[in-house]
Amino acid sequence: MDIRLGNGFDVHAFGPGDHVTLCGVKVPHDAGLVGHSDADVGMHTVTDAIYGALARGDIGQHFPPSDPQWKGAESHIFLRHACALAREMGFEISNVDCTLICEFPKVGPHAAQMRTVMAEIMELDEDRVSVKATTSERLGFTGRGEGIACIATAALVRP
């Protein structure tokens with residue numbers, strides 16, 4: 001049995017807007033997130049964790065920000081690609097764990113919906129997808145309310 005773990009990390013700064021998209025869910029907020037695509041920091045991080053477990057680079061290698069076709073793209077495109085690549089390589093995604101790091105907006109009220117959306121995109125049971133949040137105790141750029149960070153781990157298994 002081949003068991004692989006991958007880690008992902010991403011950050012996006014706050015900018016103009018009235019919501020942030022996190023793990024596929026639009027969360028009302030007094031700012032948006034800045035990025036080349038839709039800036040879904042949660043989905044980007046899980047995507048990178050899967051690519052990492054496969055030893056297939058990162059999201060920027062598969063979807064270069066220098067390529068205008070990805071400007072404003074919805075991040076489910078990237079996550080679906082990573083999941084399809086895993087399956088093509090003979091792997092099943094055992095589980096993913098995603099931790100959003102921010103002082104605001106509050107993630108807790110939206111976490112269940114985020115799990116549902118992520119599980120649907122990844123074609124997994126919801127009990128294999130964890131989405132949670134923490135603060136940085138008002139330290140660093142997330143603590144100052146300048147943006148959102150995210151870490152994720154993906155476990156892949158090939159029988």
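1. Cys-23 sits in the loop between β2 and β3; helices (H or I, at least four residues) and strands (E, at least two) are DSSP runs, numbered from the N terminus. Cys-23 is not a glycine, yet has a positive phi of about 50°. Cys-23 is also buried, at a relative accessible area of 0% (buried means under 20% relative accessible area, exposed over 50%, partly exposed in between, with a 1.4 Å probe and protein chains only).

2. A word on the model: it is predicted, so local features need pLDDT of at least 70 and side-chain atom pairs count only at pLDDT 80 or more, while totals for chains, interfaces and linings use all residues. Residues are numbered from 1 along each chain as its sequence is written, and side-chain values use heavy atoms, leaving out hydrogens and water.

3. Glu-123 has a positive phi too, about 60°, and is not a glycine. Glu-123 belongs to the loop between α4 and β6 and is exposed, with 61% relative accessibility.

4. How many disulfides are there? A disulfide is a pair of cysteine sulfur atoms within 2.5 Å, and by this rule the count is zero. For Cys-83, the nearest cysteine sulfur is that of Cys-23, 13 Å away. For Cys-98, the nearest is that of Cys-150, at 3.4 Å. Cys-98 is buried, at 1% relative accessibility.

5. Now the loop between β5 and α4, where you will find Pro-105. A cis peptide bond links Phe-104 to Pro-105, with omega about 0°.
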